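Subject: Structure handover

Hello,

Here is the structure for you to look through. My notes on it follow below.

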Amino acid sequence: LSQAMREVSRRGMVQRVVDPRGSRQWASHLFRCSNPLIWLLSVFFPTCIAADARTMFNGSNCMFNTLCVSPCIARDEIRTGYGIDGDCLSDTLLISLLHCCAVTQMHDEVRVRGPAPMPGPPMP
């Protein structure tokens with residue numbers, strides 16, 4: 001918890017990333033993966049792929065994400081950050097029942113949409 005609080009105080013809260021097309025749907029299909037290696041890794045190491053997706057999304061520490069953040073929470077944060085329709089229950093069910101597809105979708109979504117903008121003054 002203290003690591004999470006340090007990250008929030010250092011970087012601020014993650015702002016919502018709006019899809020330029022105005023879509024509130026996932027850009028990546030649940031059953032279509034763009035990278036078969038990511039899908040294969042998500043079958044055996046879903047927590048690591050979810051942690052990597054969260055790291056790409058908000059720049060947080062990958063080791064912290066792997067050890068302390070469940071894939072359900074990471075999916076909820078990514079979905080909410082991009083303004084995608086859904087709720088915590090659907091995130092939990094997808095991670096529980098279709099973990100390799102849901103985690104691959106998260107990873108693909110962050111790769112397609114890019115990282116969340118960080119608050120604060122622009123970097124020089």
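In which helix is R75 found? R75 lies in helix α5, residues 71-81 (helices are DSSP runs of H or I with at least four residues, numbered from the N terminus).

Before the rest, two remarks on the source. This is a predicted model, in which local features need pLDDT of at least 70, side-chain atom pairs count only at pLDDT 80 or more, and totals for chains, interfaces and linings use all residues. Residues are numbered from 1 along each chain as its sequence is written, and side-chain values use heavy atoms, with hydrogens and water left out.

R75 is buried, at a relative accessible area of 1% (buried means under 20%, with a 1.4 Å probe and protein chains only). Its side chain makes a polar contact with the side chain of Q105, at 2.7 Å (a pair of N or O atoms within 3.5 Å, one able to donate a hydrogen and the other to accept it; residues adjacent in sequence count only if both atoms are side-chain atoms). Neighbours within four places in sequence aside, R75 is also in contact with residues including W26, D91 and L94 (contact means heavy atoms within 4.5 Å).

The largest nonpolar core has 22 residues (buried Ala, Val, Leu, Ile, Met, Phe, Trp, Tyr and Cys residues joined through side-chain atoms within 4.5 Å). Elements giving two or more residues to this core are α3 (46-58), α5 and α7. The largest share, six residues, comes from α7.

V103 is among the core residues with the most contacts inside it. Leaving out residues up to four places away in sequence, V103 touches S42, P46, I49, A50 and I95.

Regards

How values were computed: Buried means under 20% relative accessible area, exposed over 50%, partly exposed in between (1.4 Å probe, protein chains only).
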